[in-house]
Amino acid sequence: MRHKQYQEEAMLERVSQGWRTLATMLVEAGREKARENGSFVNPPLERGSTVLFPSVSAMQKQGQRLYEHETIYGAMGSPNQHRLEQVVATIEGASHTQVVCSGLAACALPLLTFLAHGGHCLMPDSVYGPTRRFANTILKRFGVSTTYYPPLATAEEISTLIQSNTQVLFSESPGSHTFEFQDVAMLAAVAHENGAKLIMDNTWGIGIFKPFEHGVDVSIQALTKFPGGHSDAILGAVSVQEEEDWHSLRDAAVQLGQMAGPDACWLTLRGLRTMAVRLEHQAISAYRVASWLKKRPEVAQLLHPAFEDSPGHEFWMRDFSGAAPLFGVVFKPDYTYQDLERMVDALKRFGIGASWGGYESLVLPSLGSVTRNVSKPFPGPMCRFYIGLENWQDLVADIEHAFHSLSTSKMVQN
Ligand SMILES: *Cc1c(COP(=O)(O)O)cnc(C)c1O
């Protein structure tokens, strides 16, 4: 009992420490100039399309500085966008970041940058649903084929799926809804041996997984989630390390007209300043709620990386400095999807809705949002919990109450 308690205390530290270490950087990043020049703490919101120059030659000179995030027109970015790009690059450990209008646009942009007609893409079977749809429709229409691989496939298994025309190996760690943590360094090695780029959706692990230290070439962020943090802005970011990749990415972004409105950039930059304290608090609450769920007879498995039977637990232990407050719950096969839907409807404190990352808790049954081609399905129905800033004990009481709807529908055998 003492041992168990000690383990739980150690895990509370393990899920939260990485967020805490981000706090100082998040307060200081992108503010060097502001502190020197006697201006307000936060940058002003600057809206604009046309940029004016003193002469034609000055405009031409500025136009040549495209790769330095300079802009001669609002469609190429704005001061607010550039400021946010600096901060995201610092968090990701990147040399350059391009901010775009949504997380999904941040998934599409590097795929359109690094894939060409006749090419091939390898996607984890656990990839975010709209990214899968993009590959299966638009990429396909433009002559790019996609193969789905089991997210926990070994290097040998992935090597057999590589083709001579494989240009991109895609990773999302953990996977959407099923939360498999991948061996990213292994994926990078396989990609690079075969002349492909490793593109990773790092939304869950922002700040607690450093993609470029593990061989990732391109890192994707849905800034809508933790950076925004208040469910009131949609934004995405794509980060790279190599100068050559930056030129390719920046060219594609400008040619596709990809940018972000200054209002969303301003809100997201403001949200980022408090991300470390929000997430440290939420990571602890989420682990407490998950630990409570783990002991319940209705629950078969927790898809939270702090638990040893969670898929890819060892890679989370090795590579991440904390855990996000978003996890899955697999219920016992005794229950149907309809039972789960009734339980979710009975929750009073959890919002039912798409996305996550705000200050408020959310829940969603996973059926419908989960399409899998090659992975083994989980035996029982699943749902996804997002733990917000509420008191965790209030959330547990709410779940306990909603679980009554499960026991009235079925006699649970322990
Ligand atoms: C939410 C999400 C996206 C898309 O972000 P939006 O800003 O909602 O378009 C992409 N990838 C992952 C992993 C996400 O969770």
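Student: Which residues in α6 and α7 meet?
Tutor: From α6, L104, C107, A108, L111 and L112. From α7, P130, T131, F134 and L139. Contact means heavy atoms within 4.5 Å. This is a predicted model: local features need pLDDT of at least 70, side-chain atom pairs count only at pLDDT 80 or more, and totals for chains, interfaces and linings use all residues. Numbering starts from 1 along each chain as its sequence is written, and side-chain values use heavy atoms, without hydrogens and water.

Student: How many of those are nonpolar, polar or charged?
Tutor: In the contact of α6 with α7, eight are nonpolar, one is polar and no residue is charged. Ala, Val, Leu, Ile, Met, Phe, Trp, Tyr, Cys and Pro count as nonpolar, Asp, Glu, Lys and Arg as charged, and the others, Gly among them, as polar.

Student: What about the angle between α6 and α7?
Tutor: The axes of α6 (103–114) and α7 (129–141) cross at roughly 40° and come within 10 Å. Axes are lines fitted to C-alpha atoms, for helices over the stretch in contact; angles run from 0 to 180 degrees between N-to-C directions. Helices (H or I, at least four residues) and strands (E, at least two) are DSSP runs, numbered from the N terminus.

Student: New topic. What is the strand order in the sheet?
Tutor: β1-β7-β6-β5-β4-β2-β3, an open sheet of seven strands with mixed pairing. Strands pair if DSSP finds at least two bridges between them.

Student: Which are the edge strands?
Tutor: β1 (96–100) and β3 (145–149); each pairs on one side only.

Student: And how do β1 and β7 pair, parallel or antiparallel?
Tutor: Antiparallel, over five bridges, with β7 at residues 236–240. V99 has A237 in β7 as its bridge partner.
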